[in-house]
Protein chains: 2
Amino acid sequence: MALEHLFQGSALNAVDAKGRVSIPAFLRSVVERRGDARTIVLAKHEAFPCLSAYDPAYAALKHAKLERLLEKEETSPDAELEYQQRNLMAFAATEEVPYDSSGRILMPPMMRRKGEIEDLALFLGTGETFQIWNPQRLLKDPRIPDDLKDIANFRLEERRTS
Amino acid sequence: MALEHLFQGSALNAVDAKGRVSIPAFLRSVVERRGDARTIVLAKHEAFPCLSAYDPAYAALKHAKLERLLEKEETSPDAELEYQQRNLMAFAATEEVPYDSSGRILMPPMMRRKGEIEDLALFLGTGETFQIWNPQRLLKDPRIPDDLKDIANFRLEERRTS
DNA sequence: TTCTTACCCATAAAATCCCATTGTATCCCG
DNA sequence: CGGGATACAATGGGATTTTATGGGTAAGAA
């Protein structure tokens, strides 16, 4: 896989009354270096109560990888079914949203619900993709390392004091 | 891993009112020989109350290593969660900052707090990475060898007398 | 119409660039 | 080898640009 540009860092941005959120500039720059789209793909995260996000170029890459995997394995009914399921999740359960000239997306209502996002969105780079959390939801999750919760708390404080 | 260019040496630089710090030229030259980025990655050190720093090429290498590890292990739920946690720490808990034409970075407020950095930053090369300390914090740490504290003291005196 | 979405403008704060200064190390040439 | 010229490093300050965010409004779908 080895993508040279990786998503990294954290930021806490507001979701405004219209449902708009700024994608942090340092994440946008990775999206644009990986491909030339000004668009991100949103999906429910498989393990955490948050959203997973990436660029269209990465989505295409992931799809190609699935295809190759299918061709290698003999077409047992099991492998075939699993492929169909993964394909559904990868495409039907995702939404591609463009960001405007000021770097904002309109958070789709369904994704907002799936990710339990309210009026604050915590962005966390995770290398090949990034995550979008409701910061309060992250603080409550026992699977999240304390050091990361410190970061969430720092971002919350930073916002309060300014 | 075996990177041929290693970070070594020490320097004490000022953090100015805007939060800017010069990365010592001898460390920058290693960054630029390892890859062509004029950027460093900052993270809280796992063991010491200071920051750990390296170049993006090293970060990518570390990431690739993690990926390979995942592919080897069977995908038990435990291994999966541990992978997610490590990925979060490696990317969300770090910040990539570019340095300008004069070799300065803007120390991100979160890292400044995590590394307990005030108005002086002590740079210490440690081979594959380097560390950034609050010199006073280093002098107080019982785990630091006296010889290293001598170096910190020397750098502090050097600054006072000039 | 009414609600939603895309586009445009405005603003404050923060990040970045540019230029100037100073001290130190390096080079060159007689 | 001395001494001056030169280059580079670290740092300060001001000017400029980018970012995040709010609000208005027109186009369009329900």
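**Exercise 1. Decide whether B:Arg143 is buried or exposed in this predicted model.**

Step 1. Locate the residue. B:Arg143 sits in the loop between α5 (135-140) and α6 (146-161) of chain B.
Step 2. Count its surroundings. B:Arg143 has 7 other C-beta atoms within 10 Å.
Step 3. Apply the cut-off. A residue with 12 or fewer such atoms is exposed, so B:Arg143 is exposed.
Step 4. From C-alpha to C-alpha, B:Arg143 and B:Asp36 lie 35 Å apart in space. In sequence, 107 residues separate B:Arg143 and B:Asp36.

**Exercise 2. Work out the strand order of the open sheet in chain A, and find its edges.**

Step 1. Write the order. The six strands run β1-β7-β8-β4-β3-β5. Their pairing is antiparallel.
Step 2. Find the edges. β1 and β5 (94-98) of chain A each have a single partner strand, so one side of each lacks a neighbour in the sheet.
Step 3. Neighbouring strands are turned by 25° against each other on average, direction ignored.
Step 4. Inspect one pair. β1(A) and β7(A) run antiparallel and are joined by five bridges. A:Ala11 has A:Phe123 in β7(A) as its bridge partner.
Step 5. Strands of a sheet pair through backbone hydrogen bonds.

**Exercise 3. Describe the side of chain A that touches chain B.**

Step 1. Take the totals. The contact involves 20 residues of chain A and 20 residues of chain B.
Step 2. Assign elements. β7 (120-125) and α6 (146-161) of chain A are the elements that give two or more residues to this side. α6(A) gives the most, with five residues.
Step 3. Sort by class. The side of chain A has 10 nonpolar, six polar and four charged residues.

**Exercise 4. Identify which members of the largest nonpolar core touch the most other members.**

Step 1. Take the core, with its 63 residues.
Step 2. Follow one of them. Leaving out residues up to four places away in sequence, B:Ile132 touches B:Cys50, B:Leu51, B:Ala53, B:Gly115, B:Ile117, B:Ala121 and B:Phe123.

**Exercise 5. Characterise the surface near DNA strand D.**

Step 1. Pick out the nearest residues. Of the 21 residues around DNA strand D, A:Asn13, A:Asp16, A:Ala25, B:Asn13 and B:Asp16 come nearest.
Step 2. Assign elements. β1 (10-14) of chain A and β1 (10-14) of chain B each supply at least two residues of this surface.
Step 3. Sort by class. The surface holds nine nonpolar, eight polar and four charged residues.

Terms used: Residues are numbered from 1 along each chain as its sequence is written. Chains are lettered from A and ligands numbered from 1 in the order in which they are written. This is a predicted model: local features need pLDDT of at least 70, side-chain atom pairs count only at pLDDT 80 or more; totals for chains, interfaces and linings use all residues. Two residues are in contact if their C-beta atoms, placed from the backbone, lie within 7 Å. Helices (H or I, at least four residues) and strands (E, at least two) are DSSP runs, numbered from the N terminus. Ala, Val, Leu, Ile, Met, Phe, Trp, Tyr, Cys and Pro count as nonpolar, Asp, Glu, Lys and Arg as charged, and the others, Gly among them, as polar. A nonpolar core is a set of buried Ala, Val, Leu, Ile, Met, Phe, Trp, Tyr and Cys residues joined through C-beta atoms within 7 Å. A residue is buried if 20 or more other C-beta atoms lie within 10 Å of its own, exposed if 12 or fewer, and partly exposed in between; C-beta atoms are placed from the backbone. A residue is near a molecule or strand if its C-beta atom, placed from the backbone, lies within 6 Å of it. Two strands pair if DSSP finds at least two bridges between them. Axes are lines fitted to C-alpha atoms, for helices over the stretch in contact, and angles run from 0 to 180 degrees between N-to-C directions.
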